[in-house]
Amino acid sequence: LKKRGWQVRFVDPHVEIDHARSLGAADEKAQELAGDLVIIATSVDVAMDLEPKGKVATTTCSVMAPFVRDGFVAGHPFAGSEKNGLNNARADLFNGHPWFVNRHDDSVCAMIEAVGAREVVVEPREHDQAMALTSHLPQMISTALASLVEQKHVNPVFIGSGLRTLLRLAASSYEVWGSVLDANARNIGQAERELLRVMNQMTSEDFNRARRFMAKYNEPH
């Protein structure tokens, strides 16, 4: 936002203003959540307890249903990485990616466009159900698999590119993901049961179906 000329104030007990300015991330450090547009970029549990003051507030959490309330635009920028913290911030992170919102708001849309993303209005419950399968379950699988490999003390010589690919998300932090998994537990549980059903009854048709999906997935969009 700073690169696009926006005036940015922030509230964060873990970031000093000199550090934020040196990275070109903000203009000043504020004492309260207030302003023309308040962007809540915290973990889900923290976001749920915040009561910003201003014209409109929007969230950047991986779930949307808990934030459908007065004065809020529930939001989810569908881009990111397993890294966190200001030092890992990138101005191009959202370029070309969808940014889900539960309703259109001019100021929120202007912010989304300023960071290079595109607004996609969705129904929050549909969003959370889909994210359980396409985002939250992959995080759980990666974390659980890495935990199991660690428990089994597997010799690194047996760890190849296939496992390393699956384990990329395992570097994510519990501080970010713990409250996401709690907030969307019902949908994630359903996705987990359906995955286990497929795994326990896997046939050649599942491989064929997977190959058809990957062929479509890899097509230019």
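**The sheet**

Begin by selecting β3 and strand β4 (residues 53–59), which pair in the parallel sense over six bridges; two strands count as paired if DSSP finds at least two bridges between them, and the elements themselves are DSSP runs, helices being H or I of at least four residues and strands E of at least two, numbered from the N terminus. The model is a predicted one, in which local features need pLDDT of at least 70 and side-chain atom pairs count only at pLDDT 80 or more, while totals for chains, interfaces and linings use all residues. Residues are numbered from 1 along each chain as its sequence is written, and side-chain values use heavy atoms, with hydrogens and water left out.

Within this pair, find Leu37, which stands opposite Val56 in β4.

**The cores**

Next, select Val44 and Phe67, the residues with the most contacts inside the largest nonpolar core, which has 16 residues. Such a core is a set of buried Ala, Val, Leu, Ile, Met, Phe, Trp, Tyr and Cys residues joined through side-chain atoms within 4.5 Å, where buried means under 20% relative accessible area, exposed over 50% and partly exposed in between, with a 1.4 Å probe and protein chains only. β3 (34–40), α2 (44–49) and α6 (174–183) each supply at least two residues of this core. Apart from this core lies another, of ten residues, among them Val73, Met111, Val115 and Ala117.

Return to Phe67 and show its contacts (heavy atoms within 4.5 Å): not counting residues up to four places away in sequence, Phe67 touches Val44, Ala47, Met48, Thr59, Cys61, Phe72 and Ala74.

Is Ser62 buried or exposed? Ser62 is buried, with a relative accessible area of 16%, and touches His76, His127, Asp128, Met131, His136 and Val180, again leaving out residues up to four places away in sequence.

Finish at His153, in the loop between α4 (124–151) and α5 (161–166), which has a positive phi of about 50° although it is not a glycine. His153 is exposed, with a relative accessible area of 68%.
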